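Thanks for coming. I will keep this short, and I will take the structure one piece at a time.

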Amino acid sequence: MDPSRTDLSQADDALVLRAQNGDHDAFGELVNRHQRRVWMVCRQYVGVGEADAAAQDSLVKAFTRIGDFDRRAAFSTWLTRIAINTCLDELRRRRREAIVDDESEGDEESNLLDRLPDDAAGPEGRSMQKQAVASLVEHEKTLPPRQREIFRLRFYAEMELEEIATALDVHVGTVKTQLHRAVHKLREELGAYR
Amino acid sequence: MKNHLEEHEITAAVAGLELEAATEEHLGSCVSCRRQVSAMREVIDARLEGLEAEAPDWERQRQEIMLQLPGTPMARPRRRRWTRPLLAVAAVLVAAIGLRALWAPTPVVEPGVPSELPVEQILAEVDAMLADDSIPGFELIDQGMDDAIFENGTS
């Protein structure tokens, strides 16, 4: 864990201790610090339409269970685990596919990465990038569920590899392998190999 | 200086995985390889920007959560696992000392001579009990310490 994350984790611990003693303001500060990630995790599992409700549900659940948090893991990891389980429960209840497919923003393009200009800030660059993003979204859907899950937690929820391993209850080596395969496949699909 | 990075090295760099020193060094000096890494990262970052644009108003979300808290029961912190056995041992000790004092023959008190409790004997017994490693209950202290931390997150 890098130093900044260690500092954040220590600050979390102090807030958790206060929250465990019934300090709502302390819990409010924890919400402030982690709601973005919780929402982003929920967004990956239940889709944009239900992400807000799932995130709120996860954070309220965290409040009800904060007495059980024993600081063996980082608070953010514990909270992420609650968010994932909340989403999976919701998906099981609704008997839906585990990861919601996003709407495609465009047609599949080949070799988009190669065609991206160095400066993507111009009109042509923005257009190319938009197509590349649309293609990424489409090809993400073709990844095996575990690879897709790990890819999204890594890049969109911006989680460390160890955090993902803990949250998903898998070995960190598994996370690395699956992530490598996912990135490899996506680069291949987006035409990076020339 | 090594030649251009191989595909698996580019992929590892994109994924943010640990790279060998030589790979890092090459990446730092080779525009072509760096470009391959950054091209993929830029697309991912652009996708992330799109997702963030869908995010709710954080302050509103926080307020809605905080409004739910007063009516939400909160689990109190669990007692640590070792407190129960420790309290049990302490209770046994206190009971043993108390019973011993009750059952001990009452010393005959000579008129005019102050009675004396066998202080040294009691202390010796207490020391002997405390020194005994096999006090019931302590073997439970570490039992279950390896429980998966994920218990916390399960729903």
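One term before anything else: a residue is called buried under 20% relative accessible area, exposed over 50%, and partly exposed in between. Please also keep in mind that this is a predicted model.

With that, take Asp169(A). Its relative accessible area is 45%, so Asp169(A) counts as partly exposed. Asp169(A) sits in the loop between H8 and H9 of chain A. The backbone there has a phi near 60°, which is a positive value in a residue other than glycine.

Arg71(A) is another such case. Its phi is positive, about 65°, and Arg71(A) is not a glycine either. The residue is in the loop between helix H3 (48–65) and H4 of chain A. With a relative accessible area of 32%, Arg71(A) is partly exposed.

Now chain A as a whole. How many helices and strands does chain A have? There are 9 helices and 0 strands. Of the 194 residues in chain A, 53% are buried. If you take the contacts in chain A between residues at least 6 apart in sequence, 64% of them join residues at least 24 apart.

Is Arg187(A) buried or exposed? The relative accessible area of Arg187(A) is 0%, so the residue is buried. Arg187(A) belongs to helix H9, residues 172–189 of chain A. His139(A) is 48 residues away from Arg187(A) in sequence, and the C-alpha to C-alpha separation of the two is 9.7 Å.

The other one is Thr86(A), in helix H4 of chain A. Thr86(A) has a relative accessible area of 5%, and is therefore buried. Leaving out residues up to four places away in sequence, Thr86(A) touches Ala54(A), Asp57(A), Ser58(A) and Lys61(A).

In soluble globular proteins, nonpolar side chains tend to be buried together. Here the largest nonpolar core has 75 residues, and Phe27(A) and Phe151(A) have the most contacts inside it. Helix H2 of chain A, residues 24–46, gives the largest share of this core, with 11 residues. What does Phe27(A) touch, not counting residues up to four places away in sequence? In chain A, the residues are Ala19(A), Leu59(A), Ala62(A), Phe63(A) and Ile66(A). From chain B, Phe27(A) touches Ile65(B) and Leu69(B).

Last, helix packing. Two packed helices are described by the angle between their axes and the distance between the axes.

In chain A, the axes of helix H4 (residues 75–94) and helix H8 (residues 161–168) come within 9 Å and cross at roughly 50°. That angle makes H4(A) oblique to H8(A). The crossing is right-handed. On the H4(A) side the residues are Ser76(A), Thr77(A), Thr80(A), Arg81(A) and Ile84(A), and they meet Glu163(A), Thr166(A), Ala167(A) and Leu168(A) in H8(A). By class, this contact has 3 nonpolar, 4 polar and 2 charged residues.

In chain B, helix H1 (residues 7–15) and helix H3 (residues 31–53) have axes that come within 9 Å and cross at roughly 45°. H1(B) is therefore oblique to H3(B). This crossing is right-handed. H1(B) contributes Ile10(B), Ala13(B) and Val14(B), while H3(B) contributes Cys33(B), Gln36(B), Val37(B), Met40(B), Arg41(B) and Ile44(B). The residues of the contact divide into 7 nonpolar, 1 polar and 1 charged.

That is what I have.

Note on methods. Residues are numbered from 1 along each chain as its sequence is written. Chains are lettered from A and ligands numbered from 1 in the order in which they are written. This is a predicted model: local features need pLDDT of at least 70, side-chain atom pairs count only at pLDDT 80 or more; totals for chains, interfaces and linings use all residues. Side-chain values use heavy atoms; hydrogens and water are left out. Axes are lines fitted to C-alpha atoms, for helices over the stretch in contact, and angles run from 0 to 180 degrees between N-to-C directions. Helices (H or I, at least four residues) and strands (E, at least two) are DSSP runs, numbered from the N terminus. Angles under 35 degrees count as roughly parallel, over 145 as roughly antiparallel, 65 to 115 as roughly perpendicular and the rest as oblique. A crossing is left-handed if the near helix is turned anticlockwise from the far one by less than a right angle, and right-handed if clockwise. Contact means heavy atoms within 4.5 Å. Ala, Val, Leu, Ile, Met, Phe, Trp, Tyr, Cys and Pro count as nonpolar, Asp, Glu, Lys and Arg as charged, and the others, Gly among them, as polar. A nonpolar core is a set of buried Ala, Val, Leu, Ile, Met, Phe, Trp, Tyr and Cys residues joined through side-chain atoms within 4.5 Å. Buried means under 20% relative accessible area, exposed over 50%, partly exposed in between (1.4 Å probe, protein chains only).
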